[in-house]
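Trainee: Could we go through the packing in this model together? I would like to begin with the sheet and then turn to the helices.

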Amino acid sequence: MGRRFSGLGLNSACGSGLLDQANVTPAPACFDVDPIPSTLFSRKMFQIRKICCIGAGYVGGPTCSVIASMCPEVQVTVVDVNEARIKAWNSDTLPIYEPGLDEVVLSCRGKNLFFSTDIDSAIKEADLVFISVNTPTKTYGMGKGRAADLKFIEACARRIVEVSDGYKIVTEKSTVPVRAAESIRRIFDANTKPSLNLQVLSNPEFLAEGTAVKDLKEPDRVLIGGDETTEGQKAIQALCEVYEHWVPKSRIITTNTWSSELSKLAANAFLAQRISSINSISALCESTGADVEEVARAIGMDQRIGSKFLKASVGFGGSCFQKDVLNLVYLCEALNLPEVASYWQQVIDMNEYQRRRFACRIIDCLFNTVTGKKIALLGFSFKKDTGDTRESSSIYISKYLMDEGAKLHIYDPKVLKEQIIQDLSQPSISGDNPQRVSELVTVTSDPYEACKSAHALVICTEWDMFKDLDYEKIHNQMLKPAFIFDGRRVLDHLHPQLQSLGFQIETIGKKVTTRLPFTPSGGVPRITLNEPPNKKSKV
């Protein structure tokens, strides 16, 4: 069977182009390649000995570090246009924080794991190329606020086909909309050349930040999608054999490309749906006297439901959940499925409602005004054990409080000051007045300093260290009455102690103390629960 120019794939047989027939030795990740109709090739065994990953972010960096650790005979090179990021990967201070990642990188870096800005050379030498670039939600044009922006994916595809030669497998690792692989194939097919044969696979990641290294070493499943042709199946098998170095075959699932791409979106949509579902119940619990933790435990013991992702909070964040649900909404709208689109849009609407409701609760308890008041905000990353702030609920809580003129003192053990200021200075957060961030926001390196002379303490991230703070010291330094707003339910076990110190405690999904909300005759918060969630522009 002759070779077929199928789209997404990277070439380079055995790392440098053509296989040296005299030096071919069996390798764990290998398969027979159909002969390219050229005298340059005869039927040989293709060996995956070099991997290139385009994108050194939260997916590409940890994923390829673990692959290098588990496959010592495979050379892995992670490339990026961001020189500062690559420099950080080659330093003692990695650009991202993940438990256990430092040890993995240090064990392989300089041996079979490399970080570089020389993108073209890495592509040329690679047998397998991962595309792990950002796919943000569009902020302009058709699909604004819903569709994924694939400009970086397209740029990668064009660069790969331009510099590649021979046989390569190109694998999309980024979270992409359904049929993205088809778009990559069209680019490849339109720019092909006689000596080039590219195969396209989909291999979505299912990592949870904070446990990424564990998720990579002990995955629930590895999903690989590709063409249902002979060449496509051979490419799938090659990637399977890379993962089989440490993943049981029973956990490696192979599908067609459509199913692989849609499975990623659906998985994140289902997880986000569970969080929004329990958050909706938390509002009901606060109105009835029930405890959402007790409700979650009761329903979670039903084996049909399970206990995972039933933790009420100020809302979900991170780079994937909101983006993927909105992507799913856009896909349904584009396919003329408005009822399905509306169903999944409610997951996002509930998340926005939960954030706004929490901010309103803070304002209500502080006598309906926070203007000029110091509020300590503990935690800025979207979850513990990561420094990632993308779509963090802390950003939106800060926005609502800044809208009311509150003076925020923010502390997070892993998020840099520059990142916090950048997040709060976005036009969608600060509007036309980014200057207000410098006037209203102070980033501190000490949680006690953040709480000193504050009217309220707001916990937005479930860092374990917040359970062990000296709350007697904090209470003595705060203005009275001193309020704690626990948006993550991390202080439940300390409620009796905190109340004995004199704290007024407000938490998600539970009435801790009876209070009479302050309702003055004039003036109401500029943010109200009656406001509908900010709708994204529809196509």
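**Sheet and helix packing**

Mentor: Ile-54 stands opposite Val-79 in strand 4. Strands here are DSSP runs of E with at least two residues, helices are runs of H or I with at least four, and both are numbered from the N terminus.

Trainee: Before we continue, what kind of model is this?

Mentor: The model is predicted, so local features need pLDDT of at least 70 and side-chain atom pairs count only at pLDDT 80 or more, while totals for chains, interfaces and linings use all residues. Residues are numbered from 1 along each chain as its sequence is written, and side-chain values use heavy atoms, with hydrogens and water left out.

Trainee: How many bridges join strand 3 to strand 4?

Mentor: Strand 3 (residues 50–54) and strand 4 (residues 75–79) run parallel and are joined by 5 bridges. Two strands pair if DSSP finds at least two bridges between them.

Trainee: Which helix packs on the sheet?

Mentor: Helix 1 (residues 60–70) does, touching strand 3, strand 4, strand 5 and strand 6 (128–131). The direction of helix 1 makes about 170° with that of strand 4. Such angles run from 0 to 180 degrees between N-to-C directions, and axes are lines fitted to C-alpha atoms, for helices over the stretch in contact. Contact means heavy atoms within 4.5 Å.

Trainee: And in what order do the strands lie?

Mentor: The open sheet has 8 strands in the order 5-4-3-6-7-8-9-10, with mixed pairing. Strand 5 (113–116) and strand 10 (252–256) are at the edges with a single partner strand each, so one side of each has no neighbour in the sheet.

Trainee: Changing topic, at what angle do helix 11 and helix 12 pack?

Mentor: Helix 11 (residues 321–334) and helix 12 (residues 338–365) pack at about 150°, with their axes 8 Å apart. They are therefore roughly antiparallel to each other; angles over 145 degrees count as roughly antiparallel, under 35 as roughly parallel, 65 to 115 as roughly perpendicular and the rest as oblique.

Trainee: Which residues meet there?

Mentor: Among them are Val-325, Leu-326 and Cys-332 in helix 11, and Trp-344, Ile-348 and Arg-355 in helix 12. The contact divides into 10 nonpolar, 2 polar and 2 charged residues. Ala, Val, Leu, Ile, Met, Phe, Trp, Tyr, Cys and Pro count as nonpolar, Asp, Glu, Lys and Arg as charged, and the others, Gly among them, as polar.

Trainee: How far apart are the axes of helix 5 and helix 6?

Mentor: The axes of helix 5 (residues 151–163) and helix 6 (residues 180–190) are 9 Å apart, at an angle of about 30°. That makes helix 5 roughly parallel to helix 6.
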